[in-house]
Amino acid sequence: MTQEFEDISADGEDPEAQLELPEEDQLDLAERLSLRRVPGLSTELEDVSDVEYRKLRLERVVLVSVWTTGSKADAQNALFELKALAETAGSQVLDGLIQRRQRPDPATYIGRGKVGELRDSVITNGADTVICDGELAPAQLRNLEDRVGVKVVDRTALILDIFAQHAKSAEGKTQVELAQLNYLKQRLRGWGGNLSRQVGGRAAGGVGIGGRGPGETRIETDRRRINSRIAILRKKLRELDSTREIKRAERHRRQVPSVAIVGYTNAGKSSLLNKLTDAGVLVENALFATLDPTTRRAQTADGRVYTLTDTVGFVRHLPTDLVEAFRSTLEETNQADLLMHVVDGADPDPQGQITAVRQVLNDIGAGDIREQLVINKCDLADSDQMMILRRHYPDAIFCSARTGQGVSELRERIEQLLPRPEVEIHAIVPWNHGELVDKVHKQGELIFSEYLPEGTEIRARVHGGLAAELTDFLCD
C-alpha cells in the first residue's frame, strides 16, 4: 500500500468559494481542487481462456471516494477495501478515484466540477457502474447517476448485494431481504414519469383490490407493497428467532459457558473455529463468507464443556439497516461470556479493524463483555507490523490458523477466561447417582476425585443449581 496518489486534474471548483470558508475549515487549495487517481486498482485477467466468460459475468466498475479525514494512507486503504468488496460482489475494477474535500458534496457526492472528469473515466474505461465509498442520499444517487450516465451504487448497496449472494439459511435470506427492502423503499425512482402516474378504478393497471383508489401514484403503490413485505419478513424473523432462543435457554439452563468469535470480515474466524473444534465450517478467502452463526461444543483440559460460536464479520461503516436486520443473529454475541476478537495481522490497517469492530460491538450493546484479542495470520504479516502490534496489545494472542502457531496458547487462554463456578463443594456421591458426577465433570471445575466403597468422593467448584442437587451428599 505504498503507491503514491497521482493528480489528474486541478480544475472544476471555484477558488473564491474555498477562500470564503472560515480559516479552520479550509484545506490546502491544491488538495481540495484535485481529483486523484489511485494506481493498482485494476482487476487484471491472467487466464485468457476465461476472458469471454468474465466479460459476460462481471460488471465493469469505477470506484470513487471522498477523502475527508485521516492520512493519505488511510484514504488509500479505504479504497482498496472498497475494491475487495466490489470483487467479492463479482465486479471487475477498472479505475479508482479519490477527491480531497472537507465534506461530500450534498448534491453529487464529489464536487460538481469533478463529475465531468468521473464521466470521462467511465467512458475511457468502458465502465457500466460507478461505486461510491459511502452511503449516498437518494438525491445524491439520482443526481450523480443522471450526470454520469451509468448505474451508480453506494457502499451500502454493495454490502447488501454481497450478503444476498452469500445467504444460505432461511433466516439469513430473510434478514438480507429485510435490509434490502428498508434500503430500497427510500430510493424508489422511475425513468421518465412512469412512477408518477395515478392509478385506481378501471385505470388501476392491474393493481385491483387493495389499491387506495384514484389518486394513488405508482411509486406510492410500490412503497406500500414494500412496507407490507417488510411486515411479513419481521414476523417470519420473530418465528425463526424463537428456535434460536430455545437452544440458547437450554445452554443457559445447563450453565454452559459461551464464547463468541467476533472480528472483521475475512480475519480468519471460521478457520480458528475449525482449528479449535474440528467444526468443518466453510473457509473461503472472501469477504462475508460466513453469514449464518455456527455453534460448536468444545471442552477444556479439565473436562468443562463450553460453546464456540462463529458470527458474521464486521466492516467499517456497517449499514444500519443490516445491523438491525441481523439483530437476532447478533444476540449470540450479546449473550456470550467471552468475546474472542480476531484481527487480521496481515491487513494494512489492523488497528483500524480493531476500532471498527469495537464500534459495532458498542452499537449492539456488547461493548462491556470480556474480550480476548487474537491477532491471526501472523505467518503472513510483516515483522515490523507484528512488533508494533505486540507493543500496543501486550495481552493479545498471536497465532496462525493455517499453520497452527499459537493455537494451543489460545485454547489455554480461553480456559483461563471462562467464568469459574462460584460454589466449592466436598461430597461423596453414591454409585447410583453417577449422573451427578458426570454433571460435575461437564459443568464444574473438578479439583479432586477418589473412588470409595460407598461412592465417588469429589472436591469441585460448581454452579449454584448443581450445588443444590448435591446437598444430600455433602461432607461435613
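The largest pocket is lined by 37 residues, and A78, D133, R155, R316 and H317 lie nearest its centre. A pocket here is an open set of points on a 1 Å grid over the protein atoms alone, with protein on both sides within 12 Å along at least five of seven lines, and lining residues have an atom within 4 Å of a point. The model is predicted: local features need pLDDT of at least 70 and side-chain atom pairs pLDDT 80 or more, whereas totals for chains, interfaces and linings use all residues. Residues are numbered from 1 along each chain as its sequence is written, and side-chain values use heavy atoms, without hydrogens and water.

About 980 Å³ of space lies in this largest pocket, a volume being the space filled by probe spheres set on the grid points. Because domain 1 (60-153) and domain 2 (255-417) both give residues to its lining, the largest pocket lies between them; the domain bounds come from an automatic or database assignment. Among the elements that each supply at least two lining residues are β3 (59-67), α4 (72-88) and α7 (155-166), while α13 gives the most, with 6 residues. Helices (H or I, at least four residues) and strands (E, at least two) are DSSP runs numbered from the N terminus. The lining of the largest pocket divides into 14 nonpolar, 13 polar and 10 charged residues, where Ala, Val, Leu, Ile, Met, Phe, Trp, Tyr, Cys and Pro count as nonpolar, Asp, Glu, Lys and Arg as charged, and the others, Gly among them, as polar.

The second largest pocket holds about 650 Å³ of space. Its lining comprises 26 residues, with K151, V152, V153, A157 and Y183 nearest the centre. Two or more of the lining residues come from each of β3, β5 (129-132), α6 (138-148), β6 (151-154), α7 and α8 (170-184). By class, the lining of the second largest pocket has 13 nonpolar, 5 polar and 8 charged residues.

The structure also holds 1 cavity of 30 Å³ or more, a cavity being a set of points where a 1.4 Å probe fits but cannot get out. The largest cavity contains about 50 Å³ of space. F163, V312, G313, F314, L318, L322, V323, F326 and L330 line the largest cavity, and they divide into 8 nonpolar, 1 polar and no charged.

Helix α10 (residues 269-277) packs against helix α15 (residues 407-417) at an angle of about 80°, with the axes 11 Å apart. That angle makes α10 roughly perpendicular to α15, a label for 65 to 115 degrees, as against under 35 for roughly parallel, over 145 for roughly antiparallel and oblique for the rest. Axes are lines fitted to C-alpha atoms, for helices over the stretch in contact, and angles run from 0 to 180 degrees between N-to-C directions. L272, K275 and L276 in α10 meet V407, L410, R411 and I414 in α15, contact meaning heavy atoms within 4.5 Å. The residues of this contact are 5 nonpolar, no polar and 2 charged.
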